Structures are given as C-alpha cells and as structure tokens.
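Here is a walk through a predicted model.

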Amino acid sequence: MGKIVSDKFTVSPIHLFFVVYVSIVDVGIMSFQREIVKDAGTDSWLSIVIVGISVHVLVWMIFRILSAQKPENADIVSINRSYFGKVIGTSLNIAIVIYLVAGAFVSFRSYLEVVKIWIFPMMNMWPLSLLLLGLIYYTVSGGFQTIVGICLWSFFSILFFFVPLPLLVTDYLHPRNLFPLFDHSAMQILHSTHRMAFHYLGFETLLIVYPFIQEQAKSRKWAHLGVLSATLMYLMLLFIAMMYFSQGQLLRTIWPSLNLISMLEIPLMQRLEYFILSVWLIKILANISLSLWAACHSLKLSFRVKPRVSLIVMLALFVLLQWFIGNQEEITRATTIYSNIGLYFIYIFIPIVFVITWLKKKVISL
Amino acid sequence: MVNKEVKDIRQLFALASRSSDFTTNTLAITEPPLKISYYKTLIDGDKLQQYLMSALQIQDVELKLRHLKDIQSYLPNDEIEITDRIEIIQHKLFKGYALIQLREEDPTCALIPLESKKGIRQSNETENEFSVVGPKVGFVEDLETNLHLIRSQLNTPDLIVKELTIGSLSQSTVVILYLDGVANDENVAKIENRISDIDFDVVFDTSQLDQIISDNSLSPFPLFTTTERRDRVIFSLIMGQVAVISEGSPYFIMGPSTLFDFFLSPEDYYLPWILGSFFRIIRILGVIFSIFASALYVAITTFHYEVIPKDLLNRLIFSRQSVPFPPVLEAVFLEITVEFLREAGARLPSRIGQTLGIVGGIILGQAAVEASLSSNILIIIVSLSALASFTTPIYKMSNTIRFLRFPMIILASLWGGLGILIGIGFLLVHITRLQSLGYPYTAPFYPLRVKDLKDSLIRSSYRIINTRAGYLKPDSLIRYKPKAAKRQSDFEEE
C-alpha cells in the first residue's frame with residue numbers, strides 16, 4: 001500500500017503548517033478559557049504550555065513512526081495492518097474512521113450551536129445546515145489539494161481578525177489579574193491540562209495526510225511551527241481574557257473570546273463577533289473537510305470504498321445525528337465523549353505505535 | 001460537415017463555378033495562353049494588375065512558357081507555390097490565391113497570392129483596454145498584421161509561431177505563439193493538442209476557442225486571459241505563457257493563467273513600483289467591494305442592524321423609512337437596472353450610449369429616490385460597485401464579478417453575514433478547484449510560493465522582479481540580470 005502518491009495530489013511542505021494549525025484550532029477557541037481557568041486559575045497558562053510541549057513530542061513521534069516505514073509513504077491504515085495483523089488492524093482502522101467522522105460532526109454541530117445562540121436565536125437551522133453540508137461536499141470532493149487550499153485561506157482570514165485584537169483591547173486590560181503566579185497545586189494544573197488537551201485534538205490527521213506531502217523531511221519544521229502557532233494563539237487569547245475579565249466573571253462567561261470581541265467598537269462596525277463568527281465558517285469548513293477527507297481516504301485504503309460514496313453516507317449520517325443531538329447539553333456530552341476518546345488516541349495509541357516502531361528497528365538492527 | 005471531398009481539379013472548378021464570383025480567364029499574353037482562376041471577391045484587383053499582368057507583359061513579345069515553373073522567374077513574389085495536391089489548391093483558393101494552369105486539364109497549378117485586405121480596420125489603437133501611460137498599440141482583425149506587431153517587438157528567433165487550421169467551414173488559421181526556451185514545452189503541447197482536437201464550423205473569434213479548450217466550462221471565471229494589447233501579449237510571452245490567436249480576431253488568449261493575471265494592468269509596470277502597487281491594491285479592493293457591497297447592505301438592513309454604529313444607523317433608517325420593499329428586492333432591482341444600463345450602453349452607438357448613461361444614471365436614480373422606491377444609500381452603493389467592477393483591466397473578468405453579486409445578495413437576504421460567508425466559502429472552494437491548462441488558478445497564493453509573491457499583490461521594483469514566476473514552470477527562470485545603478489550622492493561628494 002506504500003505506493004507513491006502522484007504529484008497531482010500532493011502539496012509542498014510549507015502547506016503542512018496550515019493543515020496542522022487548522023486541524024488543531026477549532027471552535028473551542030471561543031470558549032476554552034473558562035474551562036481551564038476553573039481549575040488552575042491564574043496558572044492556567046502553564047497547562048497550555050504543558051499540552052503544547054506534549055503535542056510537539058507527539059508530532060515528533062508521528063514523524064518518527066511514519067518515516068521509519070518501509071516501503072515509504074505509509075499511513076496509519078497500512079501501519080495498523082502490518083503491526084497488529086489483519087483483524088485487529090482493520091478494526092483499529094474502522095475505529096479511526098469513526099473517530100474522525102465523530103470529530104467532524106462535533107465541530108459541525110458546535111459551530112451551528114454557537115451561530116444559533118449568537119446570531120440567529122430564532123431561526124430554523126435546517127436549511128442553513130443542509131447548505132453547509134453541500135458546501136462540505138463540494139470541498140471534500142475537490143480532493144486533498146482543495147482542502148489544503150481552504151486551510152490556507154481560513155488561516156489568513158482568521159489571522160486578519162485576531163492579530164489586531166490585542167491592539168484594540170489594550171485599553172481595557174488589567175495585567176494585575178495575571179497574578180499571583182504559581183499558587184496552584186500540581187493536581188489542579190493537571191486537571192486544567194486535561195481540559196486543555198481537548199482543544200489540541202485534530203493534529204492526528206497527520207498520520208493520514210503524510211503521504212500527500214512532498215519532501216516529507218522538510219515538512220517537519222512546518223508541522224511543529226503549526227503546533228507552536230496554535231499554542232501562541234491559545235496563550236494570547238488566554239492572557240487577553242484573563243486580563244480583561246476578573247476570575248469571577250471569566251468563570252461565568254461561556255464564550256470569553258466572543259464576549260471580548262463583542263465589546264470592541266471600530267468606526268464602521270459594532271458587534272464584531274457577528275463578523276468573526278461568520279468568517280469562522282471558513283475555518284470550520286476547512287476543519288471538517290480535512291477530517292472527512294481523512295476518513296474517506298482511510299476507508300478507501302482499507303476497504304476500497306469509493307470516496308464519493310462514503311462521503312455521501314457520512315454527510316447523510318450528519319443529518320441523522322443532527323436529529324438526535326439537538327440541544328446544548330447533548331452537544332456538550334457528545335463533545336466530552338469524543339474528546340476523551342481522542343485523548344486515549346493521541347496519548348496512548350500513538351506512543352504504543354511509536355514503541356513498536358522503535359522495537360522493530362532495534363530487532364532489525366540486531 | 002458541409003465540406004465535400006473534392007477529388008480533382010475539375011470537380012473543384014465545377015463546384016466553384018456554381019457561384020458567380022468565381023472567375024476563370026484565359027491570358028493570351030503568353031504562349032501557350034495561361035488559364036487563371038480566382039474568386040474575384042477574395043482577391044485584390046490592383047494586385048492582379050500589378051503583380052501578374054504587368055510582370056508577364058514586361059516584354060513586348062509573347063512569353064514562351066514551357067513549364068509552369070518558368071512563371072516563378074518572371075514574378076517578383078516568393079510565395080508562389082506550384083503543386084498538384086488538390087487539398088492545398090482548394091485551401092489556397094479560399095485564402096485569396098489565384099490558380100494558374102497551362103492547360104485546362106492540367107492538375108498542376110501555380111498558386112499566386114493576391115489576397116485582398118479589404119474590410120479590415122486601419123486604426124489599431126486599443127479600444128477596450130485603455131491605458132494612460134504606455135503604448136496604445138492594439139491588434140486588428142488581420143492575422144498577419146497582428147503577428148507583425150508581435151514579431152517586430154520580439155526580435156528573437158526563439159519566438160515560435162505554430163499554425164493550425166480549425167473550422168470545417170471557415171478553415172481559419174489559428175496561431176500558437178510562444179518563446180522557445182522560456183515557455184514550458186508541456187504547456188505548448190497541451191494547447192496544441194486541445195486546439196487540434198477541436199471540431200467546429202466557423203471560428204469568429206479567439207474567445208470561442210477559449211471556451212472550447214478551457215479546463216472547466218462550468219465556471220463563471222475565465223480561465224485564459226484575453227487581450228487586445230500588444231504589450232500585454234508580449235509580457236505574457238516573456239513570462240512563459242503561451243498565446244493563441246485565430247484568424248480574423250483582434251484578441252489573443254494567453255494561458256496558463258491565474259486569477260491574479262486578470263487584475264494586472266500593463267500600466268502597473270509603467271508607473272514607479274510604489275504607485276503601480278498602490279493602484280493594483282486599489283483595483284483589488286474595488287473588486288472586493290464590487291462583489292460584496294450590495295450584499296452587505298442587504299445583510300445589514302435585513303438582519304444585523306446592531307452592527308452599524310448609531311449615527312450611521314440614523315442615516316440609514318432615514319433613507320429607508322419610506323421604501324416599501326424588503327432590502328433584497330430593492331437591491332436586486334437596482335442591480336438589474338445597472339445591468340440594463342450597461343448592456344444597453346454596450347449595444348448602442350457610442351454617442352447615444354453616452355446620453356443614455358446620463359439619462360439612466362442620474363435621472364433614473366434621482367427619480368427612484370424621490371419616488372421613495374429606493375434608498376439613496378443603496379443607490380450610492382450600487383453605482384459605486386458598478387463603477388468598481390470596471391476597474392478590472394480585462395473585460396471578461398468584470399463580467400464575472402458583476403455576475404457574482406447576485407448569488408451573494410440572495411444568500412445575504414437568507415442568512416445575513418453568514419450567508420455571505422457561505423457564498424465566499426463556495427467561491428473559495430471553486431477558485432481553489434479551478435485549473436487553467438492543469439495549473440492551479442489561485443497561484444501563487446495557493447499553492448503558496450513565497451518567491452512568486454513579489455509580483456502579485458504588490459508589483460516590486462524591477463531590481464527584484466527579474467525572475468519569472470515559478471508556478472508557470474518556465475524553462476528558464478531568469479529574465480534579466482538586475483544591475484543596480486551606482487548610487488551617487490552629492491552629499492558624499494569627493
């Protein structure tokens with residue numbers, strides 16, 4: 001299965017930056033502050049740093065795993081098969097596909113929920129969500145290159161809004177809110193680290209995307225840069241939120257980033273959060289398309305299912321799931337389940353595969 | 001297919017003589033008498049007199065011709081061809097050549113070029129792509145003149161002209177131009193293949209070829225740049241693109257093109273780079289404004305009143321309070337009115353067109369506001385965005401931009417700002433998926449090539465843009481060696 005992917009479908013290394021960044025930063029960026037401040041308070045930035053470093057290590061492992069494969073250009077589907085045998089390997093692959101689709105659905109559903117709460121509280125969301133699904137179909141059917149393109153556009157469109165943010169809010173910040181430093185127990189920080197790790201889920205698509213990157217050796221630094229800039233983005237938003245809100249306020253604010261943005265006024269516009277939430281659509285589109293593409297591609301590799309067919313089935317599944325997971329509570333529950341599984345995936349599964357790779361290498365060299 | 005297979009010269013004459021402008025004469029000035037046949041509507045009578053008759057009559061005695069080849073030594077024209085291949089004879093006959101035979105039954109003819117250039121406009125000033133600075137040389141409807149214009153500025157044997165014949169009825173010559181050693185051979189081969197695969201009856205204009213050979217006909221975006229300017233064609237040739245023109249068309253198409261090529265104006269390169277970049281950015285902002293302005297108005301007035309600051313909102317409410325329509329109808333009406341004006345202006349003779357513009361633009365707009373059928377803020381937005389759409393240097397792209405407004409307005413009326421963003425989503429995915437001759441349409445932004453950004457949003461100085469854009473995969477990357485002029489400053493005078 002390690003066949004070389006034709007040049008027509010691959011992208012150059014620099015694009016891995018956008019892929020990794022987009023796959024990490026999700027709609028959670030609007031709300032993560034409250035979750036981590038709850039436990040670690042003023043020290044919650046430590047948890048971002050810890051998770052960030054651990055993800056760097058995981059990315060390093062992923063590259064080690066993938067570059068050690070012979071024949072080259074393997075992805076997780078073929079690795080699972082060769083490491084765990086046909087039965088276990090295939091069931092792992094199925095699990096990964098389900099996990100990816102679930103991730104895409106959770107993003108989709110929570111974005112729609114934020115839109116419903118902030119922009120259209122009274123609106124029937126069905127026509128909009130169907131149109132969105134159409135847009136997702138159009139994107140994913142364009143293939144990997146199109147999705148990477150959308151990742152790139154979304155990165156820039158978001159950058160456009162978040163970079164001026166610190167400048168616009170400087171007047172309202174209270175740096176004293178950041179203190180005292182280091183007065184929380186390791187347990188508290190660990191709790192908030194656990195919460196923060198949810199917001200890094202997604203970079204594991206690297207395991208499937210890898211063969212589609214040209215000159216993979218060069219691409220490492222871009223993947224790490226992607227992780228680093230996501231960490232910086234989280235840190236920036238955390239610090240701004242912590243300086244803007246008092247601890248008490250922050251704990252009662254569901255979407256601190258959005259509340260913060262909504263206070264800003266620029267000459268021609270108020271209620272900037274409408275704008276940012278709308279632009280966020282492109283970001284979510286990239287995120288969902290990437291996961292769905294990875295799912296379709298894995299299905300194609302393991303069962304030779306036509307991607308077009310599996311994509312339609314997945315989107316139909318989205319429509320069905322939208323019936324069942326309707327309100328905020330159910331979405332939160334689904335997100336929590338998904339995130340916990342995701343944590344097992346990245347912090348247990350990937351190291352296991354890494355160790356196996358390492359052992360194999362040892363055995364061969366002996 | 002109307003074309004019948006013509007087997008021999010007698011059949012050709014039989015078919016041709018059914019029409020009254022086909023002439024066959026016998027020239028008794030030579031020995032033996034020559035038989036000359038031509039379409040008198042295709043040849044130039046003066047040329048017939050000057051070239052042929054006077055040359056053959058130069059001696060008082062009768063010319064003795066033993067063989068057709070002897071004609072060549074008397075006629076001062078090197079384009080004479082002697083052949084017995086019927087398909088060439090037929091082709092040349094329709095291109096304005098006269099056939100000369102020694103005997104009526106003789107299958108061998110001498111073909112003498114006498115084509116007439118009647119009906120071709122003499123002025124070749126650019127009409128649709130105007131520029132204030134720089135040359136205003138444009139193309140005309142004559143292929144040879146156009147090729148002359150190109151070749152006279154590109155004095156290099158590397159400029160290759162490839163001729164193909166397309167069109168079962170028009171037998172038009174289609175010419176592919178490229179710089180050997182610059183343009184990627186693969187691109188040339190691709191264009192050549194696509195063009196020679198065409199089966200079509202009459203090729204009126206290169207823009208028809210554009211549509212037939214384009215990668216994706218389900219797109220409102222033009223995939224090849226079209227121009228009537230000489231400098232533009234030469235510029236894209238030296239950048240490594242391939243240019244195509246068909247006989248009888250004043251327009252070249254060039255490919256592979258990127259979306260960005262449509263927003264470049266030759267003037268960017270004639271102005272100092274700071275100004276050139278500034279105007280380029282203005283142009284792109286104009287395009288963005290033109291696509292989204294009316295849609296934003298609809299989104300804001302339908303859903304998001306609270307986005308507008310209070311003072312501005314007062315004005316907006318004041319201007320809209322007596323308008324009886326929902327914003328989307330108001331906007332669509334006005335946009336369609338502007339399209340009527342544009343379409344009428346393009347069809348009418350230029351003098352009437354101007355008057356109509358004044359009547360339509362000023363009087364109609366004023367009356368619509370006074371009758372409170374429309375808010376005057378919207379009139380400002382719509383007319384500004386119509387104006388802005390014409391800032392694109394290539395007309396085809398400005399059509400696309402005006403077209404894109406309508407889906408945006410409708411999406412905005414359904415879901416406000418989010419609807420516009422869904423529209424943008426579709427637009428972004430669409431342009432990311434598009435390819436021109438198999439090359440990504442959004443280069444150099446995606447796939448991102450940092451090196452090629454120096455001549456994209458901004459036009460950097462000539463010292464920096466000395467290399468060709470890598471996304472065209474040109475055979476040689478360097479255009480020229482930048483040599484910094486030695487800086488001399490009287491401040492450090494020795």
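Start with the largest nonpolar core, which has 190 residues. Four residues have the most contacts inside this core: A:V20, A:C151, A:L292 and B:I420. Helix α13 of chain A, residues 272–303, gives the most to the core, with 18 residues. At least three residues come from domain 2 (143–257) of chain B, and at least three from domain 3 (271–440) of chain B.

Now zoom in on A:V20. Set aside its neighbours within four places in sequence. A:V20 is then in contact with A:F203, A:L206, A:A223, A:G226 and A:V227.

Step back to chain A as a whole. How many helices and strands does chain A have? There are 15 helices and 0 strands. Along its principal axes, the C-alpha trace of chain A spans about 60 × 50 × 35 Å. Of the 366 residues of chain A, 44% count as buried. Take the contacts in chain A between residues at least 6 apart in sequence: 85% of them join residues at least 24 apart.

Next, pick out one helix of chain A. Helix α3 covers residues 44–67, which makes 24 residues. The buried residues of α3(A) include A:W45, A:L46, A:I48, A:V51, A:V55 and A:L58. Further along, A:V59, A:I62, A:I65 and A:L66 are also buried. What do the buried residues of α3(A) pack against? Their partners in chain A are α2 (32–40), α4 (76–118), α8 (186–198), α9 (206–209), α10 (216–244) and α15 (328–365).

Finish with chain B. Its domains are domain 1 (9–113), domain 2 (143–257) and domain 3 (271–440). The C-alpha centres of domains 2 and 3 of chain B lie 33 Å apart. Across their boundary, 17 residues of domain 2 of chain B are in contact with 14 residues of domain 3 of chain B. On the domain 2 side, the elements that give two or more residues are α6 (185–196) and β10 (225–227) of chain B. The residues of that side divide into 7 nonpolar, 8 polar and 2 charged.

Key: Residues are numbered from 1 along each chain as its sequence is written. Chains are lettered from A and ligands numbered from 1 in the order in which they are written. This is a predicted model: local features need pLDDT of at least 70, side-chain atom pairs count only at pLDDT 80 or more; totals for chains, interfaces and linings use all residues. Helices (H or I, at least four residues) and strands (E, at least two) are DSSP runs, numbered from the N terminus. The expected span of a helix is 1.5 Å times one less than its number of residues. A residue is buried if 20 or more other C-beta atoms lie within 10 Å of its own, exposed if 12 or fewer, and partly exposed in between; C-beta atoms are placed from the backbone. Two residues are in contact if their C-beta atoms, placed from the backbone, lie within 7 Å. Domain bounds come from an automatic or database domain assignment. Ala, Val, Leu, Ile, Met, Phe, Trp, Tyr, Cys and Pro count as nonpolar, Asp, Glu, Lys and Arg as charged, and the others, Gly among them, as polar. A nonpolar core is a set of buried Ala, Val, Leu, Ile, Met, Phe, Trp, Tyr and Cys residues joined through C-beta atoms within 7 Å.
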